[in-house]
Amino acid sequence: MKLLGISFGRKGRSCDIITKQVLLAAKEAGAQVKFINTIQMDIGHCKSCAACIAGRDRGGQITCALKDDYHILEEAVLDADAIIVTAPVYALGPVGQLKNFIDRFGPAHDIAGATHEQEKRKAAGAALLDERMFTRKYVGYISVGGAITHNWVSMGLPGFKMFAASSCWIPVGQMDVWDMGRRANPAFDAELMAQAGAFGRHIAGCEGKSPAAVEWFGDEGICPVCHNRFISIDAGAMADDVECPLCGIHGSLEIVDGKIRVAFSEKEQNRARGRWEGQLEHYNEINSMIETAIPKLMAHKEDMKELMAPYEGFEDTY
Ligand SMILES: Cc1cc2nc3c(=O)[nH]c(=O)nc-3n(C[C@H](O)[C@H](O)[C@H](O)COP(=O)(O)O)c2cc1C
C-alpha cells in the first residue's frame, strides 16, 4: 500500500508530528509512506471556470486550469492507495487551504460523471480518463485544534468529509484532537501518540479490504456513514425526519433511557453523499438543472440585455 500523509499545519508542529507518527506505524506495518507539508504551497481557490469538467466532456483529462501548487498535491493524491489528511482548526473549521484543495479536486473528480464519461470512451475506443481516480482509496482524517473545549473545533472534522465524498473513496477512520495549547507538543502525550500509531496500523491493515470489510477507527459519532456528530433539525420537524447535513440523508431521532439515538435506514445510508447512489443522485440533479435552465435562457434571449443593464453597468468599487 502506498500511503500519503498530508499535513496542512505549520512545518514541524502538531499536525506534522501526529501525521508522521501515523506514517511511522504504517511503515512498520508494511506500508510504503510519503509525507507532504502544504504550508508553503500556493493553492488558490476555485474560480468556477469549469475548465476541469469541460476538459472531461471534450475527451481530455480532468485538470484544473489554474497554474499553482495544487497540481503537486493532486498528483500525489491520485498516485496513493491511501491518504491521511491532517489539518489544523482555524476559526472553528479546517484551515482554508484544505477547503481550497477540496473545492478544486472534489467536484472535478465526481465519480458519477467520470464513470459515465469513461464508459462512453471505452465504447468509442477513445483515450481514457486517468484510471487512478477510479481506484477506491482508503482515507483517514485528523483534525487538530488548540482550544481546551471541543466546541472550538466543532466544525473541524465535518469539514473534511468532502475531501473524498465526490470520488466515493473509503473513509476508514478519524481522530479529533483538540487541547493542543495545553499539551504544548503532541510528542509529550504518550496516549495521543499511541492513538496515532494505532491509526497508522489500522490504515495499513485496510489494504485489499472492501468498504464493507473496513472497520471504523475512532469516534463512532452520530451518523453511521460519515461518523460526524452533526444533525440538522428543521423547526417543527417530526422526530422521524432529522438529517445528517454532511451525507444528505434522513433518519429518525429517538430517546431511549434518556439518551438520544438517531437511526438511519440502510436505504438512506446507501444514498449518502460519498456513496455511489448518492453521487448518481447528484449527477442527475445537476443534469436536470441544465434541462430547466436552458429553456429559460432561450426564452429571455430578446430582453436579456435590458434585464442585465443595471447590473452590468454597476462597476466594482475597490
Ligand atoms: C488563525 C487561527 C485560528 C485558529 N482558530 C482556532 C479555533 O477556532 N479553534 C481551535 O481549537 N484552535 C484554533 N487555532 C489553533 C490551531 O488550531 C492550533 O494551534 C493547531 O495546533 C495548529 O496546528 P499546527 O501546530 O500543526 O500548525 C487557530 C490558529 C490560528 C493561527
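Trainee: Where does Phe 8 lie?

Mentor: This is a predicted model, and its elements can be located along the chain. Strand β1 covers residues 2-7 and helix α1 covers residues 14-28. Phe 8 is placed in the loop between β1 and α1.

Trainee: Is Phe 8 buried or exposed?

Mentor: A residue counts as buried when its relative accessible area is under 20%. The relative accessibility of Phe 8 is 2%, so Phe 8 is buried.

Trainee: Which residues does Phe 8 touch, not counting residues up to four places away in sequence?

Mentor: Phe 8 and Pro 88 are 80 residues apart in sequence, yet 6.7 Å separates them in space, C-alpha to C-alpha. Pro 88 is one of the residues that Phe 8 touches. With sequence neighbours up to four places away left out, the list is Thr 38, Leu 73, Val 85, Thr 86, Ala 87, Pro 88, Val 95, Gln 97 and Leu 98.

Trainee: How far apart in space are Asp 103 and Gly 113?

Mentor: Asp 103 belongs to helix α4, residues 96-105, and Gly 113 is among the buried residues of α5. In sequence, Asp 103 and Gly 113 are 10 residues apart. From C-alpha to C-alpha, their separation in space is 16 Å.

Trainee: Which helices do the buried residues of α5 pack against?

Mentor: Helix α5 has 14 residues and reaches 20 Å from its first C-alpha to its last, close to the expected 20 Å. Its buried residues are Ile 111, Ala 112, Gly 113, Ala 114, Thr 115, Glu 117, Gln 118 and Arg 121. These residues pack against α2 (51-57) and α10.

Trainee: Which residues of α10 are buried?

Mentor: Helix α10 spans residues 276-299, and its 24 residues reach 36 Å, close to the 34 Å expected. The buried residues of α10 pack against α5 (111-124), α6 (162-165) and α9 (266-270). They are Gly 278, Gln 279 and Tyr 283.

Trainee: What is the phi of Ala 184?

Mentor: Most residues other than glycine have a negative phi. Ala 184 is in the loop between α7 (180-183) and α8 (190-205), and Ala 184 is exposed, with a relative accessible area of 60%. Although Ala 184 is not a glycine, its phi is positive, at about 70 degrees.

Trainee: Is His 227 buried or exposed?

Mentor: His 227 also has a positive phi, of about 60 degrees, without being a glycine. Its place is in the loop between α8 and β7 (242-244). The relative accessibility of His 227 is 8%, so this residue counts as buried.

Trainee: What is the radius of gyration of the protein?

Mentor: The protein has 11 helices and 9 strands, and its C-alpha atoms fill a box of roughly 70 × 50 × 50 Å along the principal axes. For 318 residues, a compact globule would have a radius of gyration near 20 Å.

Definitions and conventions:
Residues are numbered from 1 along each chain as its sequence is written. This is a predicted model: local features need pLDDT of at least 70, side-chain atom pairs count only at pLDDT 80 or more; totals for chains, interfaces and linings use all residues. Side-chain values use heavy atoms; hydrogens and water are left out. Helices (H or I, at least four residues) and strands (E, at least two) are DSSP runs, numbered from the N terminus. The radius of gyration is taken over C-alpha atoms; the globule rule is 2.2 Å times the number of residues to the power 0.38. The expected span of a helix is 1.5 Å times one less than its number of residues. Buried means under 20% relative accessible area, exposed over 50%, partly exposed in between (1.4 Å probe, protein chains only). Contact means heavy atoms within 4.5 Å.
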